[in-house]
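Q: I am new to this structure and would like to learn how to read one of its pockets and the sheet beside the discussion of it. Could you guide me through these features?

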Amino acid sequence: GDSITGVVESIDENGLKFASAQSETTFAAHDQVQSVWLNRQKSGPKFTEKLLERLKTIPRRLKDDPPTHLFQSIYGDYLRGRLVSLQNGVLTVEIRLEVQEIAAEQISQIVWLHDRKWDEGEEEDVARNEAELPPFRVHAIGSLDRGITFEPEKVAGNQLFGRSSLLGACSVEIGDLNQLLFGRNIGESVREYN
């Protein structure tokens with residue numbers, strides 16, 4: 001999945017409003033978001049694939065009304081619930097039908113507990129006319145091993161500019177890149193890298 005650096009301004013029932021120097025887009029619907037980092041984690045365990053799978057397992061009594069988000073505190077504690085909003089530095093969360101407020105400064109990461117196909121763009125490519133080639137894309141991986149996929153348009157100064165179907169116009173600092181994957185079937189290269 002794509003990852004950008006920015007500031008989360010608010011979250012409501014429609015989605016997430018953010019600001020980023022890497023993208024002209026300032027809004028993402030909930031189904032477009034996998035997770036956000038609000039603050040650095042100070043201590044405690046980090047998410048691993050095994051831990052995340054365990055935390056996604058829903059108890060039988062909650063099958064009809066499952067939690068939609070996983071919250072990790074800056075000290076490594078976990079909480080499952082339903083994110084109602086993030087406004088003015090306060091998270092409003094529904095936990096077992098009870099609404100609670102949590103200071104956003106106490107949360108390091110929010111994970112959306114929904115299944116999302118990260119290779120949707122490739123499925124669209126397959127659906128196109130077979131004679132038409134899929135678009136040439138790059139996946140730029142920065143110093144934190146986070147990346148962003150987009151169709152490149154130009155290089156100016158130390159910046160690579162392009163357009164993402166998810167983020168709109170975006171850019172990356174070439175000097176900050178650890179790796180640059182490119183090609184017409186970029187999804188396969190990204191999966192091999194991860």
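A: The model is predicted.

Q: What volume does the second largest pocket have?
A: Rolling a probe the size of a water molecule over the atoms shows where empty space is left. Here, the second largest pocket has a volume of about 380 Å³. Its lining is made up of 19 residues, and T5, Q22, G142, S143 and D176 are the closest to the centre.

Q: Which elements give two or more residues to the lining of this pocket?
A: They are β10 (137-142), β11 (147-156) and β13 (168-173).

Q: How many residues of the lining are nonpolar, polar and charged?
A: The lining of the second largest pocket has 7 nonpolar residues, 9 polar ones and 3 charged ones.

Q: In what order do the strands of the open sheet lie?
A: The open sheet has 5 strands in the order β13-β12-β11-β10-β14, and their pairing is antiparallel. Because β13 and β14 (177-183) stand at the edges with a single partner strand each, one side of each has no neighbour in the sheet. On average, neighbouring strands of this sheet are turned by 45 degrees against each other, direction ignored.

Q: Over how many bridges do β10 and β14 pair?
A: The two strands, β10 and β14, pair over 6 bridges in the antiparallel sense. Residue G142 has L177 in β14 as its bridge partner, and G142 is also among the residues closest to the centre of the second largest pocket.

Note on methods:
Residues are numbered from 1 along each chain as its sequence is written. This is a predicted model: local features need pLDDT of at least 70, side-chain atom pairs count only at pLDDT 80 or more; totals for chains, interfaces and linings use all residues. Side-chain values use heavy atoms; hydrogens and water are left out. On a 1 Å grid over the protein atoms alone, a cavity is a set of points where a 1.4 Å probe fits but cannot get out, and a pocket is an open set with protein on both sides within 12 Å along at least five of seven lines; lining residues have an atom within 4 Å of a point. Grid points are joined across faces, edges and corners, and a volume is the space filled by probe spheres set on the points. Helices (H or I, at least four residues) and strands (E, at least two) are DSSP runs, numbered from the N terminus. Ala, Val, Leu, Ile, Met, Phe, Trp, Tyr, Cys and Pro count as nonpolar, Asp, Glu, Lys and Arg as charged, and the others, Gly among them, as polar. Two strands pair if DSSP finds at least two bridges between them. Axes are lines fitted to C-alpha atoms, for helices over the stretch in contact, and angles run from 0 to 180 degrees between N-to-C directions.
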